[in-house]
Amino acid sequence: MEAIETTYLEADAASVTFSSIPATYEHLQLRCSIRVAGVGARNSTNLTFNGDTGSNYTLHRMHGYGTNISGAGWANQPAVYAPDATGFDSTSADYSGVVVDILDYANTNKNTSCLFSGYIAGIPDLMAVESALWDATAAVSSITLTGTLPITRGSQYTLYGIKSS
Amino acid sequence: MACWNVIEHQELSSGASSVSFTGISASYDHLVLLSSARSDEATITGYMNFQVNGDTGTNYSRRSLNATTSTVGTSSGVNQSVFIYQYVPALNSLADTFGVMETWFIDYSNTSNYTQILSQSVGPNNSSTDSQWGLRLSSGIWTSTAAINRVDVLCDSGSDDFVQYSTFTLYGINGAA
């Protein structure tokens with residue numbers, strides 16, 4: 001596993017983009033520590049690949065928050081509504097921690113599938129496992145994460161490449 | 001010293017009912033298997049199972065948390081002949097869609113303990129209709145203290161095939177020297 005790029009926000013930002021991702025790895029892993037500005041204990045951020053904002057994304061979620069546990073799905077959407085981020089109403093030091101596994105991202109025989117695993121600190125806090133599907137066989141060359149609200153200073157994203165030889 | 005080390009990568013050039021990793025060195029602390037696979041079973045979501053060291057006895061037990069609808073369920077399997085029914089997209093799911101599966105074999109060469117196995121899998125599909133997608137977390141044990149030297153990945157019970165382009169990569173994870 002090799003670090004491709006780390007982005008640490010020194011100031012609030014509307015989005016974060018990893019571009020020109022090399023196709024030389026087998027898998028990608030994105031590790032996020034994120035918080036967004038705005039009312040609410042948590043808010044989603046939106047993930048897109050290669051700048052595609054067509055209705056080509058599907059998200060499924062299994063999560064527990066407070067005493068509740070449930071599943072849900074959103075098909076054929078313009079973005080993946082994940083990962084969730086800790087919101088303004090939570091303690092200022094709270095950030096969500098999410099790991100995103102993106103397998104065979106450069107294999108043009110496959111749509112891109114992802115596994116999200118995360119803990120979103122807040123009141124109530126939330127634990128989620130999610131799958132995301134991008135209905136496109138293009139190699140992933142860029143990843144954009146856009147906040148529904150500004151992503152706050154101190155948030156950090158690191159993209160890793162995982163080799164297979 | 002690298003932390004993640006590639007032991008072996010396999011990409012299927014044609015359908016296969018199982019994939020095997022043999023001669024696994026005992027020199028790592030843990031094993032991780034990453035898989036991007038699809039089944040040819042005539043359903044929406046199929047299953048992927050494991051056996052280790054060729055053990056076909058009833059020596060695998062697991063507990064799972066899974067969602068295929070808005071209701072999250074739990075299930076278990078005690079003294080089973082395979083480990084973990086993990087989800088994998090199948091023939092009737094969206095074309096060209098493969099699942100994501102990550103499985104850890106913890107302390108796989110420690111002969112004082114049973115081997116603990118932790119696994120996550122997703123069966124994505126472009127549908128939000130109940131039972132047309134799946135998420136599963138599973139954990140469990142192989143009730144043997146033998147070091148793992150072989151992992152077999154089975155498409156369901158071996159009666160179906162993983163399709164072409166399915167990939168399976170086994171990594172050895174190092175601890176501190």
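In the predicted model, strand 1 of chain A is joined to strand 12 of chain A, residues 156-162, by six bridges, and the two run antiparallel. Within this pair, Glu2(A) lies opposite Gly161(A) of strand 12. Both strands belong to an open sheet of eight strands in chain A, arranged in the order 1-12-3-8-9-10-5-6 with antiparallel pairing. From one strand to the next, the twist averages 15°.

At the other end of the strand order, strand 5 and strand 6 of chain A are connected by eight bridges and also run antiparallel. Arg61(A) faces Ala72(A) of strand 6 across this pairing. The hairpin made by strand 5 and strand 6 of chain A has two residues between the strands, and Gly66(A) adopts a positive phi near 55° there.

The contact between the chains involves 34 residues of chain A and 30 residues of chain B. On the chain A side, at least two residues each come from strand 5 (57-65), strand 6, strand 8 (96-103), strand 9 (112-120) and strand 10 (126-134). Strand 6 of chain A contributes the most, with eight residues. By residue class, the chain A side of the contact comprises 12 nonpolar, 16 polar and six charged residues.

The largest nonpolar core contains 81 residues. The residues with the most contacts inside this core are Leu30(A), Ile102(A), Phe116(A) and Ala132(A) from chain A, together with Leu31(B) and Val151(B) from chain B. For Phe116(A), when residues up to four places away in sequence are not counted, the residues touched are Ala82(A), Pro83(A), Val98(A), Val100(A), Ala128(A), Val129(A), Glu130(A) and Ala132(A).

As to confidence, chain B has a mean pLDDT of 94, and 98% of its residues reach 70 or more. For the complex, the predictor gives an ipTM of 0.92 and a pTM of 0.94.

Notes
Residues numbered from 1 in each chain as written. Chains lettered and ligands numbered in written order. Predicted model: local features only at pLDDT ≥ 70, side-chain atom pairs only at ≥ 80, totals over all residues. Pairing = 2+ DSSP bridges. Helix = DSSP H or I, 4+ residues; strand = E, 2+ residues; numbered from the N terminus. Axes fitted to C-alpha atoms, helices over the stretch in contact; angles between N-to-C directions. Contact = placed C-beta atoms within 7 Å. Nonpolar A, V, L, I, M, F, W, Y, C, P; charged D, E, K, R; others polar. Core = buried A, V, L, I, M, F, W, Y, C linked by C-beta atoms within 7 Å. Buried ≥ 20, exposed ≤ 12 C-beta atoms within 10 Å, placed from the backbone. pLDDT = per-residue confidence, 0-100.
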